[in-house]
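Have the viewer open and follow along.

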Amino acid sequence: MQVFIAEDNYYELERLRRQVQSWGSRHGGVSITAVQCVAEVGPADLRTYDVVFLDVELPGKDGFAFAQELRGAGCSADIVFVTNHPELSLKGYTVHAQDYIIKPVEQERIDAAMDYIARNCRLKERRSIVLQRGISQQDRYFLTEILYVEASNHSSIVYTYDKTQSYALTFAQMEKLLPAEDFKKCHRGYIVNLHAVKGLRRNSITLVDGREILVSTTYFQSVKDALIALRGGQ
């Protein structure tokens with residue numbers, strides 16, 4: 001498991017590193033990258049990471065701002081905020097944070113968070129689809145990679161964070177392939193990944209990377225309800 005830690009206090013950074021390493025020594029190991037500042041860290045470089053621990057109060061760029069950049073760059077890692085300020089916890093919902101740990105951080109709290117994330121990672125590894133392209137080419141997508149799908153005549157176009165690919169599948173066929181708990185039809189020509197939605201308006205959906213797609217009156221309420229359910233009623 002790949003873990004990224006950002007904490008500006010050196011002693012707290014090393015404490016958190018040791019706690020994560022301790023958990024890893026009992027669960028098959030972890031690879032840890034730890035920094036005191038994220039100003040020089042490229043968000044796209046963390047796409048392969050499984051979990052990101054972020055102090056809220058970081059120099060130059062706070063943890064919430066960096067988390068927004070991570071989501072915009074297509075990083076689907078589980079984000080855990082670590083802070084002295086419990087009153088800020090609700091802000092974590094805007095980036096779909098997995099957990100919010102109050103300092104001082106205890107080993108038992110890290111163990112519980114990492115246990116849950118490890119189970120979640122194994123689940124995400126299994127959640128993928130394979131799409132046939134041409135006669136012999138097959139493309140595998142992790143569901144977290146897909147932003148949305150667009151209907152195009154009798155084919156479907158899959159949009160990820162960094163590529164676009166067309167497949168000889170009807171829109172209805174593609175809709176059946178995508179799990180309904182994660183993907184929702186938002187327009188007669190679009191299916192959106194609910195986890196990639198940053199904002200919802202009456203006529204449009206804003207995705208975490210800044211792109212916008214249409215949402216029709218027919219599907220607006222069902223998309224809204226699905227987002228509320230996904231985010232625990234928030």
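## The hairpin

Lys-185 has Ile-191 as its bridge partner in β12. That pair belongs to a set of 4 bridges joining strand β11 (residues 183-187) to strand β12 (residues 190-193), and the two run antiparallel. Together β11 and β12 make a hairpin, with 2 residues between them.

A word on terms: strands (E, at least two residues) and helices (H or I, at least four) are DSSP runs, numbered from the N terminus. Two strands count as paired if DSSP finds at least two bridges between them.

## What you're looking at

This is a predicted model, where local features need pLDDT of at least 70 and side-chain atom pairs count only at pLDDT 80 or more, while totals for chains, interfaces and linings use all residues. Residues are numbered from 1 along each chain as its sequence is written, and side-chain values use heavy atoms, with hydrogens and water left out.

## The parallel sheet

Now for the open sheet: 5 strands, ordered β2-β1-β3-β4-β5, with parallel pairing. β2 (31-35) and β5 (99-102) sit at the edges, each pairing on one side only. From one strand to the next the twist averages 15°; angles here run from 0 to 180 degrees between N-to-C directions, with axes as lines fitted to C-alpha atoms (for helices, over the stretch in contact).

Going across, β1 and β3 run parallel and are joined by 4 bridges, and Phe-4 stands opposite Val-52 in β3. β3 and β4 pair over 5 bridges, again in the parallel sense, with Leu-54 partnered by Phe-81 in β4. The chain gets from β3 to β4 through α2, and this β-α-β crossover is right-handed (with the strands pointing away from the viewer, the path from the first strand over the helix to the second runs clockwise). Strand β4 (residues 78-83) then pairs with β5 over 4 parallel bridges, and Val-80 has Asp-99 as its partner in β5.

## Inside β3

How much of β3 is buried? 5 of its 5 residues are, where buried means under 20% relative accessible area with a 1.4 Å probe, protein chains only. Val-51, Phe-53 and Asp-55 point one way, and Val-52 and Leu-54 the other way. In a regular strand the side chains alternate between the two faces of the sheet.

## The helices on top

Helix α2 (residues 63-72) lies across β1, β3, β4 and β5, at about 175° to β4. Helix α1 (residues 10-25) packs on the sheet too, touching β1 (2-6), β2, β3 (51-55) and β4, and its direction makes about 170° with that of β2. Contact means heavy atoms within 4.5 Å.

Methods:
Buried means under 20% relative accessible area, exposed over 50%, partly exposed in between (1.4 Å probe, protein chains only).
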